[in-house]
Amino acid sequence: MYVIFIIGTAGSGKSTLAGAFSDWLRSQEQSTLLVNLDPAALTLPYEPDIDIREMVDYERIMMTKKLGPNAALIATLREVARHIEELSEEVNSHNVDFIIVDTPGQLELFAYRKEGRLFTKYLGQDRKVMLFLLDPMFCAVARNFVASMFLASSVYLTFQLPMIQILNKIDAVPKKYINRIERWSESIDSLLIDIENRSSKVLMHLSREVAQAVYDIVSSIPIIPVSSITMEGFPELHAMLTRVVGEGEIELR
Ligand SMILES: Nc1nc2c(ncn2[C@@H]2O[C@H](COP(=O)(O)OP(=O)(O)OP(=O)(O)O)[C@@H](O)[C@H]2O)c(=O)[nH]1
Ligand SMILES: [Mg+2]
């Protein structure tokens, strides 16, 4: 069994990927369990099998505790974390090939609070992997790519789980952006040259320093370009899952 946690900045396409990749896996005769950990989602582009919105009421917590949207999200996740063992029993009672976990919109509320680590610890038993979503429109600018590398490495250090970077929504951007990002991720020299050519002096200096600090960490994390609309890249993502987790391969039936 594989347990896939999908994480990324707000609107990066986590929920859409969760639903579309599950559909693709099912079309390959793999069984999946879709878990929604976003208490604030009004609608989802898939039908969750397990949904924390059934355990907690985000809007009620926001109203009764008089909290803003993010503080209410924190309080809601804390409430769910109190019942983590029940949730874990429910999730782990399913015998499926893939558990796919969709996480809340605000990455930092999941990545930088202990509740996020509790979920990754208790949900599923083995072969856990994190998909970190990159926005190719944002990352196609060299210094933004560096900022994104910094975020990816920080999430990687926080969770210490095998990770795959997903260059998402590739149907919506020119192919040359994807090629450029792949070139940067294969060669720090090409990234440094593009940083020099395109930034002001201060930004250039800062971007170089950050790139050099995190490049080795991030370049060890594979990048797979995908689209949840066309399902391009899903076979490669599936193959990469078996590679990064490394304990035996799941054959497509
Ligand atoms: N063109 C294109 N659009 C996509 C793709 N994946 C997601 N989107 C769109 O991106 C927007 C955000 O998608 P969501 O899946 O809701 O993103 P999210 O990360 O779950 O959003 P939050 O949970 O609110 O942070 C929606 O309008 C999706 O239709 C994709 O592969 N291609
Ligand atoms: Mg979502």
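The legends below describe close-up views of a predicted model. Residues are numbered from 1 along each chain as the sequence is written, and chains are lettered from A and ligands numbered from 1 in the order of writing. In this predicted model, local features need pLDDT of at least 70, side-chain atom pairs count only at pLDDT 80 or more, and totals for chains, interfaces and linings use all residues, while side-chain values use heavy atoms, with hydrogens and water left out.

**View 1. The shell around ligand 1.** Ligand 1 is surrounded by 15 residues, where a residue is near a molecule if one of its heavy atoms lies within 4 Å of it. The closest are Gly-11, Lys-14, Thr-16, Asp-171 and Ser-228. By class, the shell holds three nonpolar, eight polar and four charged residues; Asp, Glu, Lys and Arg count as charged, Ala, Val, Leu, Ile, Met, Phe, Trp, Tyr, Cys and Pro as nonpolar, and the others, Gly among them, as polar. Ligand 1 lies between domain 1 (1-126) and domain 2 (135-246), because both give residues to the shell. The domain bounds come from an automatic or database domain assignment.

**View 2. Polar contacts of ligand 1.** A polar contact here is a pair of N or O atoms within 3.5 Å. A polar side-chain atom of Thr-16 is 2.5 Å from an oxygen atom of ligand 1. Polar backbone atoms also take part: one of Ser-228 lies 2.8 Å from a ligand 1 oxygen, and one of Gly-13 lies 2.9 Å from a ligand 1 oxygen. Taken alone, ligand 1 exposes 650 Å², and the protein buries 67% of that; the areas come from the Shrake-Rupley method with a 1.4 Å probe.

**View 3. Salt bridge between Arg-26 and Asp-49.** The model has six salt bridges, each defined as a side-chain nitrogen of Lys or Arg within 4 Å of a carboxyl oxygen of Asp or Glu. In one of them, the side chains of Arg-26 and Asp-49 meet at 3.5 Å, N to O. Arg-26 belongs to helix α1 (residues 14-27), whereas Asp-49 sits in the loop between β2 (32-36) and β3 (50-51), so the pair, 23 residues apart, links distant parts of the chain. Helices (H or I, at least four residues) and strands (E, at least two) are DSSP runs, numbered from the N terminus. Arg-26 has a relative accessible area of 39% and Asp-49 one of 40%, and each is partly exposed. Buried means under 20% relative accessible area, exposed over 50%, and partly exposed in between (1.4 Å probe, protein chains only).

**View 4. Two further salt bridges.** Arg-53 pairs with Asp-51, with the closest N and O atoms 2.8 Å apart. Arg-53 is partly exposed at 27%, whereas Asp-51 is buried at 10%. Glu-196 pairs with Arg-208, with the closest N and O atoms 2.3 Å apart. This second pair links helix α10 (residues 188-198), which holds Glu-196, to helix α11 (residues 201-219), which holds Arg-208. Glu-196 is partly exposed at 41%, and Arg-208 is partly exposed at 23%.

**View 5. Loop residues with positive phi.** Arg-127 is not a glycine, yet has a positive phi of about 50°; Arg-127 is in the loop between α6 (114-122) and β5 (128-134). Gln-160, also not a glycine, has a positive phi of about 50°. Gln-160 lies in the loop between α8 (142-159) and β6 (163-167) and is exposed, with 66% relative accessibility.

Methods: Polar contact = N/O pair within 3.5 Å; in protein donor to acceptor, adjacent residues only side chain to side chain.
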